[in-house]
Amino acid sequence: MTGEPSSKSEPLPRPRPDWAYFLDVDGTLLDFAVRPDAVRADGAVGELVDRLVARAGGAVALISGRPIADIDRFFPGRQLPVAGQHGAERRNAAGDLSHRAPESDRLAVVRELAHEAIARHPALILEDKGASIAMHYRAAPELADYVRTVTTELQQMLGDGWCVQAGKCVVEIVPVGVDKGAAILAFLAEAPFRGRTPVFIGDDRTDEHGFAAVNARGGYSIKVGAGATVAQARLPSVLAVHRWLDQDATAPLPDIGLTRVS
């Protein structure tokens, strides 16, 4: 792979055209909103991604907990390589779709019970993504324990093929073996990502699998915001992510708050 890792005391190097870029969406490319359906992407974010795709020869993939259909609405007119629902669904650079979700005759009952649990607390939001179910409590953080209890009980009804995964103000029921690290490794086995140094930028606990996978491949992992992490470096905000990705190789390195994780 190309690109030598920098020393522990130095910031990461500028983005290079021979790297493979894997980017989380919410909290990384786009700012959070109270409701997941209130998140917006302006044209400038799409243009930033377009420039990165052009510089990297197409080796850019979005790695998100959202369904692919959601992500496509943020980036209209493009068919980017993308892993949705933490990798339960994936579209490769050739546009081929694949799905990883076990069949369960209990899933319809679990969905109904999830709707009933949410209905007791109007501030909670249920997001049925198809291959996964998410309960959001950003507008009611005091209900975190309630959400964790409900999702654990529902996962137990589904059985061993499913697990509970917690993120920022959200708890999800997802298929076992589906995570962002596995999705990144699948992309790295394919063109145009194969043989390149991987870079993954994310902000949440659900991104830790991706950081670990990239670290194991000798790549660069960057966490957005505070919190314990296995990532090598940290950026303070979504805006800082945009500025790091969009650096002009001939201009002075901007001060964007990029630090090494000690």
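The residues that cover the buried positions of helix 1 include those of strand 1, strand 2 and helix 7 (238–245), where contact means heavy atoms within 4.5 Å. The structure is a predicted model in which local features need pLDDT of at least 70 and side-chain atom pairs count only at pLDDT 80 or more, while totals for chains, interfaces and linings use all residues. Residues are numbered from 1 along each chain as its sequence is written, and side-chain values use heavy atoms, with hydrogens and water left out. Helices (H or I, at least four residues) and strands (E, at least two) are DSSP runs, numbered from the N terminus.

In helix 1 (residues 43–55), the buried residues (under 20% relative accessible area; exposed is over 50% and partly exposed in between, with a 1.4 Å probe and protein chains only) are Val45, Gly46, Leu48, Val49 and Leu52. Seen down the axis, these residues fall within an arc of 155°, so they line one face of helix 1; the arc is that of the directions from the helix axis to the C-beta atoms. An α-helix has 3.6 residues a turn, so residues three or four places apart point the same way. The 13 residues of helix 1 should span 18 Å at 1.5 Å a residue, and the end C-alpha atoms, 19 Å apart, agree with this value; the expected span is 1.5 Å times one less than the number of residues. At the N-terminal end, helix 1 is capped by Asp42, of which a side-chain oxygen lies 3.1 Å from the backbone nitrogen of Ala44. Helix 1 is followed by Gly57, which has a positive phi near 60°.

Nine strands form an open sheet of mixed pairing, in the order 5-4-3-2-1-10-11-12-13; two strands pair if DSSP finds at least two bridges between them. Strand 5 (97–99) and strand 13 (259–260) stand at the edges with a single partner strand each, so one side of each has no neighbour in the sheet. Strand 1 (residues 19–23) is largely enclosed by the rest of the structure, because five of its five residues are buried. Trp19, Tyr21 and Leu23 point one way from strand 1, whereas Ala20 and Phe22 point the other way. Strand 1 runs parallel to strand 10 (residues 197–202), to which five bridges join it, and Leu23 stands opposite Ile201 in strand 10. Three bridges join strand 1 to strand 2 (residues 60–63), also in parallel, with Phe22 opposite Ala61 in strand 2.

Helix 5 (residues 180–188) has Lys180, Gly181, Ala183, Ile184, Phe187 and Leu188 as its buried residues. Their arc around the axis is only 160°, which puts them on the same side of helix 5. These residues pack against strand 1, strand 2, strand 3 (82–84), strand 4 (89–91), strand 10 and helix 6 (208–216). Asp179 caps the N-terminal end of helix 5, with a side-chain oxygen 2.9 Å from the backbone nitrogen of Gly181.

The structure contains zero disulfides, a disulfide being a pair of cysteine sulfur atoms within 2.5 Å. The cysteine sulfur closest to that of Cys163 is in Cys169, 20 Å away and therefore too far for a bond. Cys163 is partly exposed, with a relative accessible area of 26%, and Cys169 likewise counts as partly exposed, at 23% relative accessibility.

Note on methods. Polar contact = N/O pair within 3.5 Å; in protein donor to acceptor, adjacent residues only side chain to side chain.
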